[in-house]
Amino acid sequence: PTWKSWRRRSTPRSTSALRGSRLGRFCGLGTGGRAGQTSRFMNHLKDFEIRKLRVPLGRAIGDNNCTYEAFDVCALTLIAEDGTCAYGFGEKAHGGVFRKPVSWKAEMAEEGALRVEFASVWPSLRGRTVAALLRETPKPWEGWTVSSAVHAAFRMALWDGRGKAEGLPLYRVLGGSGQNSL
């Protein structure tokens with residue numbers, strides 16, 4: 001069988017076939033009710049906070065091409081109407097010393113610039129739920145002009161919010177069973 005024929009056979013015809021399954025919970029369909037509802041639902045997004053931190057590594061790390069002594073971290077907090085917070089971060093190596101010149105090296109923007117970056121896309125996110133944003137196609141971040149650190153922080157915060165909405169650790173939301181022993 002070809003990939004397309006397998007995909008046609010294995011793809012359910014409606015979301016009701018997925019509801020209650022592990023894949024359905026992963027997609028935000030929950031166990032009943034309307035599509036997108038979960039048993040414990042993170043309310044609509046109300047606000048955000050964004051911070052820039054510089055984390056010194058204590059010693060230089062790297063390889064034969066470059067070394068770094070610190071990382072810049074963009075920490076994002078998504079705040080729901082009920083006060084629930086979801087956290088995410090994106091990082092970028094700071095002040096790398098390269099053996100050869102590189103064209104792609106760029107520092108992370110300052111905190112104010114990161115806030116302005118995320119504020120430019122915030123109107124399309126405010127009032128939406130985490131599950132709706134994760135389920136949406138095309139993804140709400142496609143076409144964003146924000147930096148990769150802000151983008152990574154947002155996506156991580158969405159998954160953190162999803163875990164909190166389900167009342168489960170994130171590895172369980174993603175289908176993992178965890179380890180009982182070493």
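Mean pLDDT, the predictor's confidence in each residue on a scale from 0 to 100, is 75 for the protein. A score of at least 70 is reached by 71% of the residues. The model is predicted, so local features need pLDDT of at least 70 and side-chain atom pairs count only at pLDDT 80 or more, while totals for chains, interfaces and linings use all residues. Residues are numbered from 1 along each chain as its sequence is written, and side-chain values use heavy atoms, with hydrogens and water left out.

Confidence is lowest in helix 1 (residues 3–10), with a mean of 41, and highest in helix 3, with 90. Helices (H or I, at least four residues) and strands (E, at least two) are DSSP runs, numbered from the N terminus. Over residues 1–19, pLDDT stays under 50. The model has 15 contacts beyond four places in sequence for this stretch, a contact being heavy atoms within 4.5 Å. Residues 21–39 also stay under 50, and have 48 such contacts. Where pLDDT is low, the predicted coordinates should not be read in detail.

The protein has six helices and four strands. Their order along the sequence is α-α-β-β-β-β-α-α-α-α. Of the contacts with a separation of 6 or more, 59% join residues 24 or more positions apart. Buried residues make up 32% of the 182 residues. Buried means under 20% relative accessible area, exposed over 50%, and partly exposed in between (1.4 Å probe, protein chains only). The accessible surface comes to about 11300 Å², and carbon and sulfur atoms hold 54% of that area. Areas come from the Shrake-Rupley method with a 1.4 Å probe; for residues, only the protein chains shown count as cover.

Aromatic rings were examined next. Rings of Phe, Tyr and Trp (its six-membered ring) pair if their centres lie within 6.5 Å; planes under 30 degrees apart count as stacked, over 60 as edge-to-face and the rest as tilted. Phe 48 and Phe 118 have ring centres 4.8 Å apart and planes at 70 degrees, so they form an edge-to-face pair. Because Phe 48 lies in strand 1 (residues 45–62) and Phe 118 in helix 3 (residues 111–121), the pair ties together parts 70 residues apart in sequence. Both residues are buried. Phe 118 also pairs with Trp 122, in a tilted arrangement with 6.0 Å between centres and 40 degrees between planes. Phe 118 has a relative accessibility of 0%. Trp 122 is buried too, at 5%. Together with Phe 154, the residues Phe 48, Phe 118 and Trp 122 form one aromatic cluster.

Phe 154 is among the buried residues of helix 5, which also include Ala 153, Ala 157 and Leu 158. Helix 5 (residues 148–166) has 19 residues and reaches 27 Å from first to last C-alpha. That is close to the 27 Å expected at 1.5 Å a residue, where the expected span is 1.5 Å times one less than the number of residues. Just after helix 5, Gly 167 takes a positive phi of about 75 degrees.

Strand 2 (residues 66–80) and strand 3 (residues 85–94) pair in the antiparallel sense over ten bridges; pairing requires at least two DSSP bridges between the strands. Thr 77 has Tyr 87 in strand 3 as its bridge partner. Four residues lie between the strands of this hairpin, where Gly 83 takes a positive phi near 95 degrees. Phe 89 is also in strand 3. Phe 89 is partly exposed, at 42% relative accessibility. Beyond four places in sequence, Phe 89 touches Val 73, Cys 74, Ala 75, Ala 152, Ala 153 and Met 156.
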